[in-house]
Amino acid sequence: MALTHNLGFPRIGAQRELKRALEAYWRGDIDDEQLKTTAAELRKRHWLLQREQGIDLIPAGDFALYDQMLNMTALLGAIPERFGAGKDETELDLYFAMARGTADQPAMEMTKWFDTNYHYIVPEFDAHTCFRIASEQLFREVAEAQALGIKPKAVLIGPLTYLYLGKEVARQDAQEFRRLDLLPQLLPVYRDILVRLASLGVEWVQIDEPVLALDLDEDWLRGLDHAYAGLREAADGQAQGRSALARLPKILLATYFDGVNNHAERLKKLPVEGLHIDLCRAPGQLVAFLEGYPAGKVLSLGIIDGRNIWRADLAHAFSVLSHARSFLGERLWIAPSCSLLHCPVDLELENSLEAEIRNWLAFSVQKLKEVSILGQGLNQGEHSIRQQLDASTAARQARRESSRIHNPVVQDRLNRLTEQDGRRKSPFKIRQKLQRQRLQLPPLPTTTIGSFPQTVEIRKARAAFRKGELGNLQYLEAMRDEIRLAIRKQEEIGLDVLVHGEAERNDMVEYFGEQLWGYVFTENGWVQSYGSRCVKPPILYGDIYRPEPMTADWIQYAQSQTGKPVKGMLTGPVTMLMWSFVRDDQPRSVTALQLALAIRDEVVDLEKAGIAIIQIDEPAFREGLPLKKRDWNAYLEWAVHAFRVASSGVRDDSQIHTHMCYSEFNDILPAIADMDADVITIETSRSRMELLDGFGLFKYPNEIGPGVYDIHSPRIPRAREMLELLEKACQVIDPDQLWVNPDCGLKTRGWGEVMTALKQMVEAAHLLRARLGYSEAELQPETSESDKEPAQISAG
């Protein structure tokens, strides 16, 4: 019998119940027991839902109140010393302190989970790190599932992945070490966890090792061999004595996000009872595993895409599975390619999608049903699922033939693109001189990344406008009120370059997608980005076309309210691509170029409206990088070209900014430099400016704004702390190149903390200017702001 299983389910709830409970807890509106009750209700609902869809083996331990990597840090007791952890169980407040920081300690670093828009909390290791079972949550969840009659498959992040995705932190009293050196100390605790799970009657444990999809050196691969050999040995006599069972649970080692066929022989030899591979990202790897696959070992095939929302080609999937079964027999398992964390919960909640497009889609619940259908076909014969196979084939054919997919105007414009369309008119040094003459900014100019608090009033106004309860003129005035408020507050703070605050925007991708042809939108298509932060990726189904300007009126109005420059704020083509559910019927490079042309038109319109600074955000640029280095150059070539097409249609004295965050950039700095943005702002505060070191070693040629405080934490650093970070930045970057800004946008924060933090930031900039000895002439523009008309600075 072909067994069906799932690697993980979205944890936020169909109506974002977890998000609301978390934020209520952080505000103090509910206590920890109420939060835990909400979490338990969601787990119960999700387990029963998976069972209803026909899934045989259901995961437990895939749920997290913030992040699954943080769950492992709590479970393994690897709490950084600076958070003052004791020897008891990791309490809820300590768990959230690591993710969000405290009054005294910044949060742990956060970065992207492989090539997704999900962020994880980076474990911190030093030579003194110790491991122990420090949380009972996993075992409680297993017991909860069993009480419902669910046969759970426990889920753990694997020891190799946990160490690899962490970071070494320096201690004054410690010698240099590699985090891989901690593996011998870590394995006994993993084995203790397996012993505990065995005592609960758990038969299978899914151990996720997605780092195997990366380019690992031989030391880490030897670590893999050692890790799984070690899990099958007694950690010590005491651990062995505690177990009254003859054996530990069976291990399913799960890989995903790319192929691991280069490790196929090694993985086949590991002392585990099963392997899972991703056939959506790397269908060709199946051959390497079927050949000589060990007898008695399960092979799980991730045949349903866990990363996108398109309906599966069930006929093709069934053909692949049937072929595999001829090799594997009953040892074949069927699953989504990866955890469904990256997909919305249920298509049935969508009431406004047009029937034609709805027929092309499958969300998490529907994907599990597809898995179940394939399992039924293998177990009962193809005839038993003939109707579902035919419906799937018809839906895919209807999508291919739909007149909505292709736009000849867009195709013609792509064909007419030239190499010059992706180049600014002059080199940066010439542009820099002209921009400084035009903008008249002080050294170390201060600015923000773009958004300001999305207050309850703003959300109410937007909701009322969408429902038709607020007329066009009323909505326009409501948003203009918010723009005036944002401008006034920024002038009070003393920022040098202002933003309009983005009150009219629901999301940095969705807002633009709503104004472009080729996109469609959901009501409840939410996915988790980090913690309580959820996003609703739009669905990019066809050729992209911009029918009219999207932002120029808002930015022009903001500029009319001040004599200081106001940045136009746009989302870049790669981020629009990566943060959408993107079409899979043409290369991503082509879709990115279509988006670039639409954004280019908006950049040109902003310049025509008198806007001197235009920011094209690309926080997903690093995220789009393929996991295998052999594929990097092809991606970087088209991604850089798309950005340059979007940004190169302006005059030399118009300043192009871009923003990137929560990623490692050092290995792609030549490509970032080749984007040729006049100013780049990056997130650096959680790493204490470590991310900036690479820019210094590379001698990054253009201007750069390293973030000086973490906007994802409620903690507000003092000016002295930000000054220390800026002084560290000056050690690796010429101060003449530096800007001063937060890590990211401020939409999730409240005005009180924003005002306090930004005033501290501006004070830090003033202190550094004084320490560096900038003269009054350098600090004062040629014409004082009081002598200017409000919009004069943008006129060029």
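Which residues in helix 2 meet which residues in helix 5? Here are a few friendly notes to read beside this predicted model.

1. Start with the contact itself. From helix 2, the residues taking part are Ala40, Arg43 and Trp47, and they meet Gln137, Glu141, Glu144 and Ala145 of helix 5. Sorted by class, this contact has 3 nonpolar, 1 polar and 3 charged residues.

2. Next, look at how the two helices are arranged. Two packed helices are described by the angle between their axes and the distance between the axes. Helix 2 covers residues 32-52 and helix 5 covers residues 137-147; their axes come within 11 Å and cross at roughly 50°. The two helices are therefore oblique to each other, and their crossing is right-handed.

3. Now turn to the database record. An unreviewed UniProt entry carries the annotation "binding site" for His659, Cys661, Asp674, Glu683 and Cys744. These residues span 86 residues in sequence, and the farthest two C-alpha atoms are 22.5 Å apart, so the residues do not all gather at one spot.

4. One of the annotated residues, Asp674, lies in helix 25 (residues 669-675). Asp674 has a relative accessible area of 36%, so it counts as partly exposed. Setting aside neighbours within four places in sequence, Asp674 is in contact with Arg423, Val640 and Arg644.

Conventions
Residues are numbered from 1 along each chain as its sequence is written. This is a predicted model: local features need pLDDT of at least 70, side-chain atom pairs count only at pLDDT 80 or more; totals for chains, interfaces and linings use all residues. Side-chain values use heavy atoms; hydrogens and water are left out. Axes are lines fitted to C-alpha atoms, for helices over the stretch in contact, and angles run from 0 to 180 degrees between N-to-C directions. Helices (H or I, at least four residues) and strands (E, at least two) are DSSP runs, numbered from the N terminus. Angles under 35 degrees count as roughly parallel, over 145 as roughly antiparallel, 65 to 115 as roughly perpendicular and the rest as oblique. A crossing is left-handed if the near helix is turned anticlockwise from the far one by less than a right angle, and right-handed if clockwise. Contact means heavy atoms within 4.5 Å. Ala, Val, Leu, Ile, Met, Phe, Trp, Tyr, Cys and Pro count as nonpolar, Asp, Glu, Lys and Arg as charged, and the others, Gly among them, as polar. UniProt positions are given in the numbering used here, feature names are shortened, and annotations may be inferred rather than shown by experiment. Buried means under 20% relative accessible area, exposed over 50%, partly exposed in between (1.4 Å probe, protein chains only).
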